[in-house]
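The entries follow in the order in which I looked things up.

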Amino acid sequence: MDFVAPTVILDRPQLAENIGAVARAMANFGLSDLRLVAPRDGWPQERAWAAASGAEWPLNAARVYETVAEAVADLAFVQATTARPRELQLPVLTPRDALERAHGEAAQGRRTGLLFGGERAGLETADIALCQTVVTLPVDPRFRSLNLAQAVIILAYEWRMRLDSGAPASFRPGPEPAPAASLMGLYGHLEDELEAAGFFHPPEKKPSMVQNLRSALGRARFSEQEVRTFRGVITALSRGRGRVLEKIARQKAQSSGKETA
């Protein structure tokens, strides 16, 4: 089913940069219908396009209205965002619940809207009275002020989650896990070198230590290339150990020679 995304209505927005940032947030999550009520500096404003960073289609199609009543006239279900308590007897919802309601309305073929107040004063009570619910974000009471685009992107995200809540596909397919034979070769290589280094002590604990090592390495699900890399590391470490032993032997021989002399 095709769901019509909510319309975003900005009441008396002040800064062109904020309008552009709102358009960018809308585009991120599939919203495109932007309406502006009495923008302070008129419309269009070039700085909005610069702030949108390429998300131009909400701005290109944006419509301007004189009042909120005109902007919501063709919408069947409008939700007002505010952090201030009001005297109005409207349901107060979180963004998640609010967009669940909007999704349900859209499923019935009804057009919905999200109303946001201007940066300086927010929404007037008379404008909220035109809406069917109030949306309040659970922000810290010590600082309730949100940037306009921040508020829009939170609600836009919740709308998107109603349509597709699954995790995105991988950016590219990962390598196949190495076959068991390769892993067994890795285990044997590592265990042989650990045996030579005296790691398995006391001897009676060797079976449980081997089991723990294999379990830990198995959870990593190495690819064939990773198995080869890891075996190269083991080889490099074992050769380094050999050089250390040779150095110790030479030092002992030199010391013995001096004592004999």
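Which residue in β6 is the bridge partner of Gln 79? I looked this up in what is a predicted model, and found that the partner of Gln 79 is Leu 114. The strands β4 and β6 pair in the parallel sense, over 4 bridges.

I then followed β6 to its pairing with β1, which is also parallel and also comprises 4 bridges; here Phe 116 of β6 is the bridge partner of Leu 10. Turning to β2, I noted that Leu 10 stands opposite Leu 36 in that strand, and that β1 (residues 7-11) and β2 (residues 34-37) run parallel, joined by 4 bridges.

Is β6 enclosed or open to the outside? I recorded it as largely enclosed by the rest of the structure, because 5 of its 5 residues are buried. Checking the faces separately, I found both covered, with Thr 112, Leu 114 and Phe 116 buried on one side and Gly 113 and Leu 115 buried on the other.

Pro 39 is found in the loop between β2 and α2 (46-52), yet it counts as buried, because its relative accessibility is 10% and the cut-off for buried is under 20%. Leaving aside residues up to four places away in sequence, Pro 39 touches Pro 13, Gln 45 and Val 64. I also took the separation of the C-alpha atoms of Pro 39 and Ala 61, which is 15 Å for two residues that are 22 residues apart along the chain.

My last entry concerns the surface, where Leu 146, Ile 153 and Ile 154 form a nonpolar patch with about 190 Å² of accessible area together. Leu 146 is found in the loop between β7 and α7 (148-163), and I noted it as partly exposed because its relative accessible area is 33%, a value that falls between the cut-offs of 20% and 50%.

How values were computed
Residues numbered from 1 in each chain as written. Predicted model: local features only at pLDDT ≥ 70, side-chain atom pairs only at ≥ 80, totals over all residues. Heavy atoms only, no water. Pairing = 2+ DSSP bridges. Helix = DSSP H or I, 4+ residues; strand = E, 2+ residues; numbered from the N terminus. Patch = residues over 30% accessible without salt bridge, like charges linked within 9 Å, V, L, I, M, F, W, Y side chains within 5 Å. Areas by Shrake-Rupley, 256 points an atom, 1.4 Å probe, with all protein chains shown as cover. Salt bridge = Lys/Arg side-chain N within 4 Å of Asp/Glu carboxyl O. Buried < 20%, exposed > 50% of the residue type's maximum accessible area, 1.4 Å probe, protein only. Contact = heavy atoms within 4.5 Å.
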